[in-house]
Each structure stands twice: as structure tokens, then as C-alpha cells.
Amino acid sequence: MLTATTFSTNMAKEQNLEEQILQEAENLFVEKGFSGTSTTDIAKRVGCNQALVHYYFRTKENLFQRIFVEKLESGCSTLIEPLSNTDTDFFDKLRYTIGVYFDFLAKNPQLAFFVLKEIIGNSNRLEFVYEFFMSNSIRANLYNTIDSIVQAEVEKGTIRTITTVNLVLDVISLTVFNFLALPIYDKLSESSESERQQFVADRKEEIITLIINGLKKN
């Protein structure tokens, strides 16, 4: 007889297995690329039958999309509330936003390479990302929220005239290139782990300072 306790335990095991599949798939996609990873590879990493990977996610592309969506959802939810706080100074908002984005990439240092290869180089996935943002009002309004904040500060004279697109691209390019170039630093510096962490922290502050000082009127 299936009791409530047994049902709950089975559900927890299924959820745990699903999360393991997602985590190992993410690791393998980053390590070997999408095309270089098979569902057999994922199943071996998890220690389950390949059929279970197909049972939970049907296709490898569905698995990829689920991972990517969760990453984007996490980033959006982290940013939307602080940006909407009208009591926070613009530069504090900007510092926080850049810091969150930088820290996210610092925790996922291979993600920059992954996005360049698997997203930007794939027109179908670019379309998927666009639809992902536009299909949800909260995500779609994130850019509009940023745009309204930036243009309000331009009108007040707090910052120089700049389009939101340019500001967003400035932040993305400076931050992403930092992690694209990090393997070169690792190769040339032969630094300890603590020195490497300090270097990354210094780069974060440098990028924030460059962006903020570049926005301020002379």
C-alpha cells in the first residue's frame, strides 16, 4: 500500500535525481560543448539509466533550454527588485547591478565561452532567448525598467547622455571579456588561488569604477 510518507519520499527522490541530471548536464555542456555531450555521458555522470534522462527531459535540446532558462530566471529575479527601489541612488543601483552580474560570471567562469559558442552562434537559440524574455511581462519589463532609470538620470543631468543599449553593452563587454581573458592571466601569472581571487575582486571594482566614472559629467 502506498502511504503518504512513501509517496513523499519517492517524489523527493525523483526531484533530487532531476536536479542531479540538470547539474551534470550543465557541467558537461560547459566542459565538452553541446554537440560533444551525449545523453549517455550525462547518465554516466549521474549514475542512472540513459532512459531516465529521456524520461525527464525528452531531448538534449530540452535539457539545454531548461538549464539556460534557470540561469536567466535567477539573474532576472535578483535584479528586478533592487532596480525598482526608488529610494536607492542611481550609482548605488548601478554598482549593485554590475556586481551581481560580475559575481554570477565569477561563479560560472566558463559560461562566457559557452554562451559565445552555443547561443550567439546558433540562430535558433538566439530566437529562443528572445522569446524567453518577451513571453513574460516581468522579464520583458526588466529592460524597460533599466531604460526608464537611465533616461531619468540623463534628464536630471546626473549622467551624460547615453542610450540604455550602449550602457548595457558597455557593462556586458567589459565584464564578459574579463572572464574570456582570465585563462591567459592564469597561464601567465602562475598565481596562488588567493592571489587569483584577489585579482578577480580587483577587476570587479575596476570595471564598476570605469563604468561609473565614464557616466559622470565632467
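These legends go with close-up views of a predicted model. Local features need pLDDT of at least 70 and side-chain atom pairs count only at pLDDT 80 or more, while totals for chains, interfaces and linings use all residues. Residues are numbered from 1 along each chain as its sequence is written, and side-chain values use heavy atoms, with hydrogens and water left out.

**View A. The largest nonpolar core.** This core has 52 residues, and I21, I42, L63, F90, I159, I211 and L215 touch the most other members.

**View B. Salt bridge between R45 and E31.** Their side chains meet at 2.7 Å, N to O; a salt bridge needs a Lys or Arg side-chain nitrogen within 4 Å of an Asp or Glu carboxyl oxygen. R45 sits in helix α2 (residues 39-46) and E31 in helix α1 (residues 4-32), so the pair ties together parts 14 residues apart in sequence. R45 is partly exposed at 38% relative accessibility, whereas E31 is exposed at 52%.

**View C. Salt bridge between E61 and R125.** The closest N and O atoms are 2.9 Å apart. E61 of helix α4 and R125 of helix α7 (residues 123-134) are 64 residues apart. E61 is partly exposed at 25%, but R125 is buried at 6%.

Definitions and conventions
Core = buried A, V, L, I, M, F, W, Y, C linked by side-chain atoms within 4.5 Å. Buried < 20%, exposed > 50% of the residue type's maximum accessible area, 1.4 Å probe, protein only. Helix = DSSP H or I, 4+ residues; strand = E, 2+ residues; numbered from the N terminus.
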